[in-house]
Amino acid sequence: MIVPFFHPSFSYSSYLMCIPQKRLRKDLFLILRNHFNIDLILKPNTNILIMKVLSKIITAIIIVFFFSCEKENSENNIPELKLTKSGEVLLENSNQFGIELLDVINKDSEADENLFISPLSISFAFGMALNGAEGDTYDEIAQVFHFDDLSKDEINENFKSIISLLKELDDKVVMDVANSIWSDDGFPVKQDFIDVNKTYFDAEVNTLDFRSDEAADIINEWVKTKTNDKIDKIIDEIGADVVMYLINAIYFNGTWKYEFDKEQTEEGAFYQENGNVLDNVLYMKQEAKIKYTENDFFRGAELPYGDGAFSMYVLLPNTNVTTGDLIDELKENGWGNYNNQFAYNKDVYVEFPKLKFSYDRELKKDLITLGMSKPFADADFSAISDLAIEISKVIHKSFVEVNEEGTEAAAVTAIEFEYTSVGGSEQKDLFYFQVNKPFLFIIQENSSNSLLFIGKVEKPVIEE
């Protein structure tokens, strides 16, 4: 017998009462015996009242089943960043750039230093710069970001889509992206450069007297506002030859999908790679059903935010694997190959340290190491101005705080231009994930795997 399945708005009991009595008794008998292991002997003159009661029982069972399926489907209905094929390529390549940059920075930093950068913020800033670059200058920027297989129109169109979609993806996560152009009063900027960055990057355009005492303060106030007061300064002073800044700011604030209980937070030890032990590190603790993976290089867990569009991925190196080894592996084989290994339906007991720290770095040397030299010397930014200019600094600042409620993070990238010198199973398997040694962590948009932030923690700190 085929039992029809209707939308809940349909009255199943009404349907049953419309069926001839003999067929109704037979159908209910078969449903109860075959599906619910209830065996009834019905007399020929069974009262219709019993039929009504039984029909209501079946209706209730079906409605419960229907809504349980709806709940399961809604949990898997994660918002997605809908991009073109070229947009997917752009973000994948931006991710690869971010890991390569982290590798260069890590090898040039103190072993016990915390690192935290936003590949997407840097990509947005240089996306604007590309619209002013020509010739070898354009080619080198495109190659370092792995955008060389994309046309300028594809880069612009996809960045425009990404900016718009990220802001609207998850109502339970605040995700803001802001871009701006700041030029010195009297410095001639081509209108086409202004227009294209306003159109595709929603860039705010401002002209200031860079020689005035207030100029740096005005730019810093913009940065402070766009990062919700988490980064209050990007420029200390404006040099005599500086004529322009291209600035991107990203702000992220997401509450955990499964929040940690503050009552369970307690102190523990953290074991650094150099053998030192840090006592009194505050660990948040919870058991949750989350994505989890194990491989030859690390154990990893996903900690989702909001409706699941954004997540933090924590990568804990295996014994005899350092954070540097892990960065090398991600650079060699790509984050996407490992991101795909994470699986659902794992019961995981998580112990994760509370964090709060800021990071800043001047990226010029690192970008030159990656192969970008022309923009800093002998540059061609003739699509910005007829006057000869080059990039003098690439300033990157970031902030992250991780607590029981969620994560707040921000990043700012400022490209400074100046005149050139010449002008589950039934048995519960619980995975224990204690993050008590140096680790990598990634904050990403999940449908595209876009790396918003990536960092390395060597010493969990909570800065005042």
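Welcome to this predicted model, in which the count of salt bridges comes to 18. The chain has 464 residues, and buried residues make up 51% of them. Its secondary structure consists of 12 helices and 15 strands.

**Overall picture**

- The chain exposes about 21,700 Å², and carbon and sulfur atoms supply 46% of that area.

- Asp328 pairs with Lys107 in a salt bridge whose closest N and O atoms are 3.4 Å apart.
- This pair ties together distant parts of the chain, with Asp328 in helix α10 (residues 323-333) and Lys107 in helix α4, 221 residues apart.
- Lys107 is exposed because its relative accessible area is 55%, and exposed means over 50%.

**Salt bridges between loops**

- Lys172 and Asp307 form a salt bridge, and their closest N and O atoms lie 3.1 Å apart.
- Here too the pair links distant parts of the chain: Lys172 sits in the loop between α7 (152-168) and β2 (173-184), while Asp307 sits in the loop between β7 (298-305) and β8 (310-317), 135 residues apart.
- Asp307 is partly exposed, at a relative accessible area of 31%.
- Another salt bridge brings together the side chains of Lys262 and Glu405, at 3.5 Å from N to O.
- Those two residues come from distant parts of the chain, 143 residues apart: Lys262 belongs to the loop between β4 (242-255) and β5 (266-271), and Glu405 to the loop between β11 (389-402) and β12 (406-419).
- Glu405 is partly exposed, with a relative accessible area of 41%.
- Salt bridges with shared partners also build one network, made up of Asp103, Lys107, Asp328 and Lys331.

**Strand β11 and its partners**

- How many residues of β11 are buried? The strand is mostly covered, with 11 of its 14 residues buried.
- Strand β10 (residues 355-362) runs antiparallel to β11, and eight bridges join the two.
- One of the residue pairs here is Glu362 with Ile395, the latter being the bridge partner in β11.
- β11 also pairs with β12 in the antiparallel sense, over 13 bridges.
- His396 has Thr413 in β12 as its bridge partner.
- A hairpin connects β11 to β12 through three residues.

**The second largest pocket**

- The second largest pocket holds about 300 Å³ of space.
- Its lining comprises 16 residues, and those nearest the centre of the second largest pocket are Glu88, Glu92, Asn95, Ser448 and Asn449.
- The elements giving two or more residues to this lining are α4 (85-107) and α11 (335-339).
- Which element gives the most to the lining of the second largest pocket? Helix α4 does, with six residues.
- Sorted by class, the lining of the second largest pocket has eight polar, four nonpolar and four charged residues.

Terms used: Residues numbered from 1 in each chain as written. Predicted model: local features only at pLDDT ≥ 70, side-chain atom pairs only at ≥ 80, totals over all residues. Heavy atoms only, no water. 1 Å grid on protein atoms, 1.4 Å probe; cavity = no way out; pocket = protein on both sides within 12 Å on 5 of 7 lines; lining within 4 Å. Points joined across faces, edges and corners; volume = space filled by probe spheres on them. Helix = DSSP H or I, 4+ residues; strand = E, 2+ residues; numbered from the N terminus. Nonpolar A, V, L, I, M, F, W, Y, C, P; charged D, E, K, R; others polar. Salt bridge = Lys/Arg side-chain N within 4 Å of Asp/Glu carboxyl O. Buried < 20%, exposed > 50% of the residue type's maximum accessible area, 1.4 Å probe, protein only. Areas by Shrake-Rupley, 256 points an atom, 1.4 Å probe, with all protein chains shown as cover. Pairing = 2+ DSSP bridges.
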